[in-house]
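Keep the structure open beside the text as you read.

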Amino acid sequence: MADGSGPYDIVVLGGGSGGYACALRAAELGKTVALIEKDKIGGTCLHRGCIPTKALLHSAEVADETRESATYGVRARFEGIDVPAVHAFKDKIVTRAWKGVQGLLKSKNVTIIEGEGRLVSNGVAVGDTVYEGRNIVLATGSAPKSLPGLEIDGERIITSEHALKLDRVPASVVVLGGGVIGVEFASVWRSFGAEVTIVEGLPHLLPLEEESSSKLLERAFRRRGIKQELGVFFEGVKITDNGVVVTLANGKTLDAELLLVAVGRGAVSTGMGLEEAGVAIERGTVTVNEFCQTSVPGVYAVGDLIPTLQLAHAGFAEGILVAEHIAGLNPVPIDYDGVPRITYSDPEVASVGITAVQAKERGHEIVEFTYDLAGNPKSQILQTQGAVKIITAKDGPVLGVHMVGRRIGELVTEGQLIYNWEALPAEVAQLIHAHPTQSEAIGEAMLAMAGKPLHVHN
Ligand SMILES: Cc1cc2nc3c(=O)[nH]c(=O)nc-3n(C[C@H](O)[C@H](O)[C@H](O)COP(=O)(O)OP(=O)(O)OC[C@H]3O[C@@H](n4cnc5c(N)ncnc54)[C@H](O)[C@@H]3O)c2cc1C
């Protein structure tokens with residue numbers, strides 16, 4: 001190992017959420033680890049995803065609160081968005097976290113190798129050097145997708161990566177795709193003052209969420225002046241002198257300064273030796289079992305590269321699972337239904353567990369209860385509308401928690417404990433929720449489902 005080429009217990013290819021979490025946990029367990037990254041440790045989440053978007057969303061929240069300050073009896077005037085300062089705020093947070101994660105890896109003696117890796121029979125090659133590994137973990141993540149014939153020029157037709165670096169607030173934007181990324185950017189840009197239209201081919205925004213949550217979000221967005229073309233497909237786009245003209249399948253055209261393409265992300269699985277090594281790939285993603293083992297013995301895959309939830313915390317959990325599996329700790333496979341999901345728009349949409357449709361598909365007889373945030377004083381103080389919906393099996397545990405409201409995402413931690421512990425409403429109803437908090441909405445829903453409603457108007 002004098003030249004640093006191994007053999008290592010584990011060679012991780014890709015230093016994003018999944019890869020670096022695996023490296024950290026494996027090093028904690030006494031394994032020798034090499035982590036190969038061609039760009040920046042921290043990957044999409046830290047540099048082009050979770051963290052920068054949430055920083056923008058916070059700036060957006062401050063803009064809205066400033067505009068609405070008179071509601072709270074505070075004299076302030078919204079003068080506009082200082083785009084370079086917004087970027088400086090965001091970049092400072094990213095840089096700090098980037099230094100932090102690099103420091104963590106170094107402190108645990110993970111060997112970081114800079115360069116583009118390629119899977120070979122006994123390890124990962126970077127240029128002419130092969131880093132040998134007894135186990136390999138593939139964690140190369142994902143990249144923005146487009147539609148056939150829809151060319152991203154980075155100027156008028158952009159992805160989230162360009163959007164995060166935009167040097168101005170656009171006057172108007174068409175957002176193609178009403179999933180998490182599209183909804184979050186629509187929310188930011190509207191708060192910054194842009195005219196925004198979201199185009200979504202399916203009937204609702206956030207199509208994977210409980211339908212009632214999507215409807216509440218759509219209503220809130222309409223009130224915010226975010227236009228929506230739902231259940232209609234994109235047909236084409238023309239670049240003009242001033243921007244773009246987007247044509248929809250129903251014949252409608254939309255003029256805007258920019259088109260953001262947010263139609264999903266595809267796994268980065270080609271051009272790095274996976275097929276040649278015999279790693280099974282299906283529709284672009286690497287096939288794995290419940291321990292993230294690929295079809296090739298000793299080769300694992302985690303994060304956005306595999307067909308599980310494209311979420312940083314799912315990647316963290318998979319990375320940890322793999323490290324523990326390699327170390328022989330016999331870890332418990334991940335219950336993906338129990339992974340919390342949050343869309344950090346205004347209002348936020350958060351959920352854990354399954355939807356009513358999924359519950360019925362799985363043969364459950366269900367009971368549903370919705371607690372309107374109109375009855376929750378803290379939500380009124382925050383001037384938000386929304387709801388907490390609980391789905392349980394009839395006479396059984398909670399199967400799903402679905403919430404909409406400003407700042408409601410933080411409540412998903414309680415929802416996750418309730419779901420993952422398979423709690424009954426009557427058990428949660430025993431627990432006293434602090435007053436006044438938004439968490440009382442969960443408490444109230446559970447009290448009602450346990451047959452002893454408190455602040456519920458019928
Ligand atoms: C705009 C946006 C917002 C998001 N917001 C959230 C959020 O709020 N919460 C959340 O949970 N998730 C969010 N996500 C999703 C989250 O970023 C991803 O799920 C997560 O980053 C996946 O981690 P990963 O390790 O699989 O891949 P990545 O983070 O993509 O990391 C893969 C790494 O591998 C490197 N790599 C690839 N190929 C090679 C190679 N051949 N050699 C060497 N290195 C290579 C890449 O450079 C990259 O650094 C967001 C994503 C986007 C795009």
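## A loop with two buried residues

Thr140 sits in the loop that links β6 (129–138) and β7 (142–144). Please keep in mind that this is a predicted model. Thr140 counts as buried because it has 30 C-beta neighbours inside 10 Å, where 20 or more are enough for that label. Leaving aside residues within four places in sequence, the contacts of Thr140 are Leu13, Gly14, Val268, Met272 and Leu305.

Gly141 belongs to the loop between β6 and β7 as well. With 26 C-beta neighbours inside 10 Å, Gly141 is also classed as buried. Beyond its neighbours within four places in sequence, Gly141 is in contact with Gly14, Gly16, Gly43, Thr44, Val268, Gly303, Asp304 and Leu305.

## Binding-site positions in the record

An unreviewed UniProt entry lists Lys54, Gly117, Thr140, Gly141, Ser142 and Asp304 under "binding site". These positions are spread over 251 residues of sequence, and in space they are spread as well, with up to 30.2 Å between C-alpha atoms.

## Around the ligand

Which residues come nearest to the ligand? Of the 37 residues around it, they are Gly14, Gly16, Gly43, Gly141 and Gly303. Two or more residues of this shell come from each of α1 (17–28), β2 (33–37), α2 (43–48), α3 and α8 (312–326).

Helix α2 gives the largest share, four residues. Sorted by class, the shell around the ligand holds 11 nonpolar, 19 polar and seven charged residues.

Strand β4 pairs with β5 (residues 123–126) in the antiparallel sense, over four bridges. A hairpin of two residues joins the strands, and Leu119 has Val124 as its bridge partner in β5.

## The parallel sheet and Val261

Next comes an open sheet of five strands with parallel pairing, in the order β8-β15-β9-β10-β11. Its edge strands, each pairing on one side only, are β8 (157–158) and β11 (227–230). Strand β8 runs parallel to β15 (residues 258–261), and two bridges join them. Leu260 in β15 is the bridge partner of Ile158.

Val261 is also found in β15. Is Val261 buried or exposed? Val261 counts as buried because it has 26 C-beta neighbours inside 10 Å. Not counting residues up to four places away in sequence, Val261 touches Ser146, Leu150, Ile152, Ile157, Thr159 and Leu176. Val261 and Lys145 are 116 residues apart in sequence, with their C-alpha atoms 8.1 Å apart in space.

## Domains and where they touch

The domain assignment divides the chain into domain 1 (8–143 + 266–336), domain 2 (157–263) and domain 3 (347–449). The C-alpha centres of domain 1 and domain 2 are 27 Å apart. Their contact involves 10 residues from domain 1 and 12 residues from domain 2. On the domain 1 side, helix α3 (residues 50–67) gives the most, with seven residues. By class, that side has seven nonpolar, one polar and two charged residues.

For residues 339–445, the unreviewed UniProt entry gives "domain: Pyridine nucleotide-disulphide oxidoreductase dimerisation". Over this stretch the chain is 29% helix and 29% strand, with 21 Å between its end C-alpha atoms.

Methods
Residues numbered from 1 in each chain as written. Predicted model: local features only at pLDDT ≥ 70, side-chain atom pairs only at ≥ 80, totals over all residues. UniProt positions renumbered as here; feature names shortened; annotations may be inferred. Pairing = 2+ DSSP bridges. Domains from an automatic or database assignment. Contact = placed C-beta atoms within 7 Å. Nonpolar A, V, L, I, M, F, W, Y, C, P; charged D, E, K, R; others polar. Near = placed C-beta within 6 Å. Buried ≥ 20, exposed ≤ 12 C-beta atoms within 10 Å, placed from the backbone.
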